[in-house]
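Please read it beside the model.

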Amino acid sequence: MQYLEKYEDQMVRCYYCQLCQATCPVYLEDLLETHVARSRLNLIHAAFIEGILPVTDRMKEILDRCLLCTSCTRTCPGGVALDEIFIAARHQIYQGKRRGKVRRYLTHQAMKQRGIKGLMGKLKPLADSMGLSSKDLPEPDPNPFEDRYQDVIPAKGQQRARVAYYVGCATNTLYPETAESVVRVLSRNGIEAVLPEGLVCCGLPALADGDIETAQEMIRANITALADLDVDAVVTDCTSCGMVFRTKAVSMLPDDDPLRSKAEALAEKVWEATDYINRMGLVESPGPLSQAVTYHVPCHAGLMETMAEAPRRLLKEIPQTDLVEMESPNGCCGAGGSFFTEHRDLSERIRSRKLENIKTTGTNTIITQCPSCRYYLSAADESYEVIHPLTLLNRAYEG
Amino acid sequence: MNALASDLGRLLSRERVRTDPEDLYAYSSDATYYFVRGNPDAVVLPENAGEVSKVVKYAAKNRIPVTPRGAGTGLSSGCTPIHGGIVIDTKRMNRIMEINRGNMTGTVECGVVLGNFQKAVERENLFYPPDPQSWEVSTLGGNVSTRAGGPRGVKYGTTPHYVLGLELVLPDGEIINTGGTCVKSSVGYDLTHLLSGAEGTLGVITRVNLRLLPLPPVHRTAVVVCETLDQAAEMVSEIIAQGTVPSKLEFITEAGIGLMNNYISPPLVSNGEAYLLIELDGTEAQVTDDARRLQHICEVMRATDVRVIKDEREAQTYWKARVNLGPMILRLFPKMVTEDVTVPRNRIPEFVRALQNISASIGMIIGIGGHAGDGNMHPTIVFPELNDDLEQRAKEGIKQIIKTGLALGGTVSGEHGIGLHKAEFTLWELGATQIALQKRIKQAFDPLGIMNPGKIWPQEVA
């Protein structure tokens, strides 16, 4: 009950208004009330607080069948942090051992090394044993971002700000060109980017397994690397990393953690890169890019309105680029980090809803700020180009 | 696997019959879980009326209670399976069968979500007005079964005003069609409207034909700030009496606005005890004219402020906040009980004064608010903590609220239905003779007493 008890007061704020039925992507596919956030919450309360239900395989299945997309948290009028309660419940059930020893070791290594570089190559047989085949995950780029850039990328022209750039693990190894776009756009707009030493994964994959201790290890390492830097802001290209720094780092550390005040200060300073650029305003006007794009809002962008809105605002700055909004731009794509590798059928059904909405926009170019959404959407249809908004902006600059 | 599960599994499919304790718990109540819970023995997920019929026939043969369920948003324990048995979850029967522009009607399966239906008809420039505040998730079958309504009741009435016909699975499993898609009909007893609001005690509604209206092109929202609750209540009566009919006319207290400011953007600076949140709809000319008249009435009655919101996006944040207001109360208090007593509109000022007196007499806060424009108030008793003394005082408060409403010529329930939560009060409103008659109707439909037993008429049990 180490972590769950913290949420006891919140749990009873559930009014059974059922509004999470409107947004929970798992419920919308399964149409079984047990599989909606409200029921998960009430079952957790019944099992762990009241002790009136045992923890069965069915209970685990219900609690595992959740993408941690945060749709419910954003919907809940009672302000219940449902996703954090689900994480705490997974901790309660699995005590950090939701995965087998081998997978835990590999995940831990990958988190510390900021990506799956090497692992997929050197440890391919083990990766297979994790149930991750090459079909599930893209090939890592042989030349990750951290090998391309080090130290400081100076601002062009007059320097307006100095930021630390926290490159997301997946971006670093799978989509290094996104990271390049980020630093180029920053530089072009008078923002110096520092690439700090000692960064590790944001910790979200561990949180998804309820492994709060490992997540704390990551959070502490990142705070140590970032908190004392002389920078105006910390920017990241990934909305999930942004969400962790903004909201989870503080809530997942113990109340008496020595790094807590630093975590709180850092939370205020972290911005998704598109959000930050939009906030700072463009110094240099981009050139025209004659195309239509649609915007898939990553689930974890939703926790901060400006993070979700920034790409829309920024696209207006690119001449001849039309944003064609899809129906339900905030709807989940089904990826959920690595959720889709374990719930193939469910994830594909969630994705097909998204693909229908994309299709009616008539464009094949999708912008999104989450590498997991990006991979999962592009894997559905080779004709789709799924890119980060700053990659689009960088193209508009470089022609 | 138990016998019930395997029998039902043969009728539907194994995946659509649930008997695990976790699933039964998830279906054990509606939004009045604090009042009563009851685990069913099985939950079934039929996909059409034929499957519902099979399940009901099986239940009749084996004398098993059947409780139909929509989204489970009810506020009267209407779908709580207090006698166990089979819960029929209707949410997979979610096809919109037809939207007929030429006849201005729509036909839907019972599990269609209200909000989805509204979006679909609005794409055709049509309008389905009933708007219970759970519209984003509540089902049309549930809406019909509880005669659900919402803010638009003041101008457009509630769900039954739009129901033209129904398909019903009777308690013996036979299927009947009542009414039709004609806007008028005068054949026999009006079973369509007997079944609307029957809360699943007379059968399972599986399909609904609904009347539609043309979509009003313009909507405008206004906020009126009042110094006192009494002044706001007088204003509601006066607005109605003067013949200005807003599409929504909500009464909200200062505390309510405080909560709603979690959604209202930019937040409303509160400077009065009560607020009227008003929406006008129609053509631009009508709306402009109504707004002017409304402003005049409120100013004559010395409103502190009347603000017509020009920005439609800002206006939407007020209505989004209104949807979330009820559940948000639990951010401040561990428990609340909401009533839906409705009084004639000219008696609103007296009712509001009486509610303040009841609040003082039981020593608990009663949130005063609701769809005042149609006389439907939602007095909400809030619990600062949970204890037996407060439970007793709240119970006494509810009784007084209902007695007061009835004495003013009102009704126990305007839009939530009776279920279990209000069953003890039906006698006060209907009297013994009428209740006996209504029970004979129930007996005629459901001689075995298997359909949602114990609801509305608490005495009869399967």
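## Salt bridges and polar contacts

Glu33(A) pairs with Arg69(B) in a salt bridge, and their closest N and O atoms are 2.7 Å apart. A salt bridge here is a side-chain nitrogen of Lys or Arg within 4 Å of a carboxyl oxygen of Asp or Glu. Between chain B and chain A the count is four salt bridges. Polar contacts join 15 residue pairs across this interface, both residues at pLDDT 80 or more. A polar contact is a pair of N or O atoms within 3.5 Å; within protein, one must be able to donate a hydrogen and the other to accept it, and residues adjacent in sequence count only if both atoms are side-chain atoms.

The model is predicted: local features need pLDDT of at least 70, side-chain atom pairs count only at pLDDT 80 or more, and totals for chains, interfaces and linings use all residues. Residues are numbered from 1 along each chain as its sequence is written, chains are lettered from A and ligands numbered from 1 in the order in which they are written, and side-chain values use heavy atoms, with hydrogens and water left out.

## The side of chain B

Three elements of chain B give two or more residues to the side that touches chain A: helix 2 (21-26), helix 11 (312-328) and strand 16 (335-338). Helices (H or I, at least four residues) and strands (E, at least two) are DSSP runs, numbered from the N terminus. Helix 2 of chain B gives the largest share, five residues. By class, this side of chain B has 16 nonpolar, seven polar and 12 charged residues. Ala, Val, Leu, Ile, Met, Phe, Trp, Tyr, Cys and Pro count as nonpolar, Asp, Glu, Lys and Arg as charged, and the others, Gly among them, as polar.

The contact (heavy atoms within 4.5 Å) takes 35 residues from chain B and 34 residues from chain A. The two chains bury about 2800 Å² between them, 57% of it on carbon and sulfur atoms. Glu22(B), Tyr25(B) and Pro327(B) supply 23% of the area that chain B buries against chain A, more than any other three residues. Buried area is the accessible area (1.4 Å probe) that two parts lose on being put together, summed over both.

## Helix 12 of chain B

Helix 12 (residues 348-362) of chain B has 15 residues and should span 21 Å at 1.5 Å a residue; its end C-alpha atoms are 21 Å apart, which agrees. The expected span is 1.5 Å times one less than the number of residues. Its buried residues include Phe351(B), Leu355(B) and Ile358(B). Buried means under 20% relative accessible area, exposed over 50%, partly exposed in between (1.4 Å probe, protein chains only). Helix 8 (229-241) and helix 13 (388-407) of chain B are among the elements that cover them. Just after helix 12, Gly363(B) takes a positive phi of about 65 degrees.

## Backbone exceptions

Most residues other than glycine have a negative phi, and most peptide bonds are trans. Glu199(B) has a positive phi near 55 degrees. Its relative accessibility is 8%, so Glu199(B) counts as buried. Ser145(B), in helix 5 (residues 140-146) of chain B, touches Glu199(B), among others. Ser145(B) is also buried, at 13% relative accessibility.

Gln320(A) has a positive phi near 70 degrees, but this residue is exposed, with a relative accessible area of 53%. The peptide bond from Ser265(B) to Pro266(B) is cis, with omega near -5 degrees. Pro266(B) sits in the loop between helix 9 (254-260) and strand 14 (274-282) of chain B.

Terms used. Lists of a residue's contacts leave out its neighbours within four places in sequence.
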